[in-house]
Amino acid sequence: MPELLQTLKKTFGYSEFRPLQREIIEATLANRDVFALLPTGGGKSLCFQLPALHRPGLTLVVSPLIALMKDQVDQLQAAGVAATFMNSSLGAAEARARLRGLHQGEYRLLYAAPERLMLDNWKDNLRAWNVNAIAIDEAHCISEWGHDFRPEYRQIAQLRELLPDVPAMALTATATERVREDIVKHLRLRDAAVFVASFNRPNLSYRVTPKDQPLKQILDFIDKRRDDSGIVYCATRATVERVAESLAARGYAAKPYHAGLDAALRSENQELFLRDEARIICATIAFGMGINKPNVRWVIHHDLPKNIEGYYQETGRAGRDGLPSDCLLLFSAGDAAKQTHFIEEMSSAQEQQAARNQLRQMMHYAECSTCRRSELLTYFGEDFPGQNCATCDNCLEPRATYDGTLNAQKFLSCVYRIRQAGRFGVGMNHIIEVLTGADTDKVRRWNHHTLTTYGIGRDLSRPEWSAIGRELLRLGLLAQAAGEFPTLEITGNGVEALRSRRVITLTKPLTLPKTKRPAHRAGEIECDEVLFGRLRDLRKRLADERGVPAYVIFGDATLRDMARQYPASKDAMRGIFGVGEKKLEEFGSVFAAVVAGHLETYPRIRFES
C-alpha cells in the first residue's frame, strides 16, 4: 500500500484512492481477473493505469474510440507515463515508429481497438511484446443487452487463447445484472474478483420537463449558467447542427459534434470544448465516451434517449469533479414514436425486442412521479435509502394528483371488452382509437365500433389517453406483452379495480401547456421567407468554401433581419443586426447582391413594426 500511494501521489497527484480503487488494484496485481463497475467519474482508468507502473512488461488496453485513446494517452504522457495508442488516425511513418518502440519495450501501456488486435500480424506482436495485463474499457460494448453493443468486442475473447496466463480486467460505468453476467461470460473471466460501486451520483440533480419550443427552453436554462460548460445531446445530426448554430448566433460559444462531421473538425471542436474555449458542445451520443472533462456543469437531453443506460452514462458526464451539476431532459411522447420507427428498421427480431423493452423503461422514467434518483438506482439493482432525494424535480416539486377513477375505469373496461369480444389483444393505439370513437379499417373489420366502450373517451385527446394508459401500466393494472406486437392485457389487479370500483389516483402527466400561441412571440423576426431561404443558401456556400460552420458567417437572426429590411447595397447593410465592420467588408456586397436580385423578381413585403 505505501508504494501504491506513493505512485498515486507522485504520478497522478492524488492523496487518496476513490471508493474500490485500492481493492481493484490489489486484486489485479495479485494476477486475478477483475470485473469492475464504477460510475462515470469514479476513476476507472486509474485501476489499470497505476498497476501498469507496478508490474513489468506491457499493459494492453482495449478501447472502442479513437478520441478516448488520444485523450487518455495525452493525459498519461503529461503525467510522465510511457503510453501510446495504435489506430487508423496515425500516418505510416508514425505507426512504424510506435511499433519499433513497442518491440523495444519502451511503453508501459498500449491502447488499441478490438478489431486491430485480431489482425494476423498483431497476434505475433502481442506474444512478443511481453503483455502482462489486459484491460477492456467500456466492457458493456460486448453485450447485446447493453446500450452500446459492438460486435467487434466479441473478438476480444480470443485474447484469452492467445495470452492464456495474462490476467484480464473488464471495466464499465453502466451495466445491469444481465449485462454484467454477459460481460463475464463473453470475456471468459476466470473466478473474477467482482467490484460494483454505488450508481448514485449525489451531486447531480435530475429534472424532466415537457418539450415545448426546445430552443427557447435551452436558452432559458443556459442563460443562468453562462460561465459554465455543458453538453446538449440530440438524437440526430441535423438537430445537432441546428441547435449549435442557433446558440452560436445568440453569442454562445457552442460547437457541433457528430459522426457526419469531418474528422479534423470533430477533433478540433472536442479540443476547444476540453480547453474551455467552447463552453457548449451540441452532440449526438457519438460524443463523450471516455472524455475526462471534470467541469461539465450541466447536461441537457434535447430528445428522449433510447435507454436508461445511455441516459445514465450521458448525464454522468456532468460533475465528474464532484461539484453540483444539473441534468435536464426535454420530454415528448412523440420522441418515443420516432425511436419506435428506428427500432422497426433493425434486422434482428431479438434486437428489436431488447430495444422496445429499453425504450419502455426510458418512457417510464420520464413520466414517473416518484423520486428520479430512486428510479435510476432501482433500474441498476440498487436501493436508494429514503423516499426523497431533495435534488430531483419530483422530490422538490411533487406533481399534482387527481381522482382518475372514471378515466381508469373507461380504459380498463375498453381493454376488457376488446379481449372478451375477439379473444385476442390489441395495442395501446387501437384501444385509444376505440375510446375516442375513431372510424378506422381495423375498428370496423373487428366490429369494435359495436362495443359499449366505443367513443366513451371522446372528452379527452389521444395524447391524454396515452398518458393514462402508460400510468396504468406503471401502476400494474395493465401489462404489455413483449415482442413486435406489444398488446395490452388487464392484470388481476386491474380486474379487481374494475369490479370493486375502488378509487384510482392518477398523477397529472407531463403535458404541454394548453394556452394558445400568441400571434407574435418575443424575439421572433417576421421576414420574407423566400429571401431568407436564398440568403441561407448563400451562407452555406460561403461556409463550405471556408470549411467552417454556417453560423460563423452570419446567424439566422442576421439573415432574418436582412430578409425584413431588404438592404440592397453594402452601405444599407450597416444597420443590420449582427453585421460588424469586418463582416461588412467581407460579406456585405455579396449578400446585398442577393437581396437586390430578389427584388428584381419579387415585390417588397411590408411588415408591421
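Student: Where is the place of S63?
Tutor: S63 sits in the loop between β2 (58-62) and α4 (66-78). Keep in mind that this is a predicted model.

Student: And is S63 buried or exposed?
Tutor: S63 is buried, because its relative accessible area is 0%, and buried means under 20%.

Student: Which residues does S63 touch, leaving out those up to four places away in sequence?
Tutor: S63 touches L68, M69, Y111, A112, A113, P114 and Y153.

Student: What does the protein chain average?
Tutor: The average pLDDT is 84. Of the residues, 92% score at least 70.

Student: Where does pLDDT stay under 50?
Tutor: That happens over residues 511-523. For this stretch the model has nine contacts beyond four places in sequence. Where pLDDT is low, the predicted coordinates should not be read in detail.

Student: New topic, the open sheet. What order do the six strands have?
Tutor: The order is β8-β13-β12-β9-β11-β10, and the pairing is parallel.

Student: Which strands stand at the edges?
Tutor: β8 (204-210) and β10 (254-257) do. Each has a single partner strand, so one side of each has no neighbour in the sheet.

Student: What about the twist?
Tutor: From one strand to the next, the twist averages 15 degrees.

Student: How many bridges pair β9 with β12?
Tutor: Five bridges join strand β9 (residues 229-233) to strand β12 (residues 296-301), in the parallel sense. I231 stands opposite V299 in β12.

Student: Which strands does helix α13 lie across?
Tutor: Helix α13 (residues 308-315) lies across β8, β9, β12 and β13. It runs at about 150 degrees to β12.

Student: Now α14. How many residues, and what is its reach?
Tutor: Helix α14 (residues 333-344) has twelve residues. From its first C-alpha to its last it reaches 17 Å, close to the 16 Å expected at 1.5 Å a residue.

Student: Which residues in α14 are buried?
Tutor: D335, A336, Q339 and I343 are buried. They are on the same side of α14, because they cover an arc of only 100 degrees around the axis.

Student: What do the buried residues of α14 pack against?
Tutor: They pack against β13 (325-331) and α15 (349-367).

Terms used. Residues numbered from 1 in each chain as written. Predicted model: local features only at pLDDT ≥ 70, side-chain atom pairs only at ≥ 80, totals over all residues. Heavy atoms only, no water. Helix = DSSP H or I, 4+ residues; strand = E, 2+ residues; numbered from the N terminus. Expected span 1.5 Å × (residues − 1). Buried < 20%, exposed > 50% of the residue type's maximum accessible area, 1.4 Å probe, protein only. Arc of directions from axis to C-beta. Contact = heavy atoms within 4.5 Å. Pairing = 2+ DSSP bridges. Axes fitted to C-alpha atoms, helices over the stretch in contact; angles between N-to-C directions. pLDDT = per-residue confidence, 0-100.
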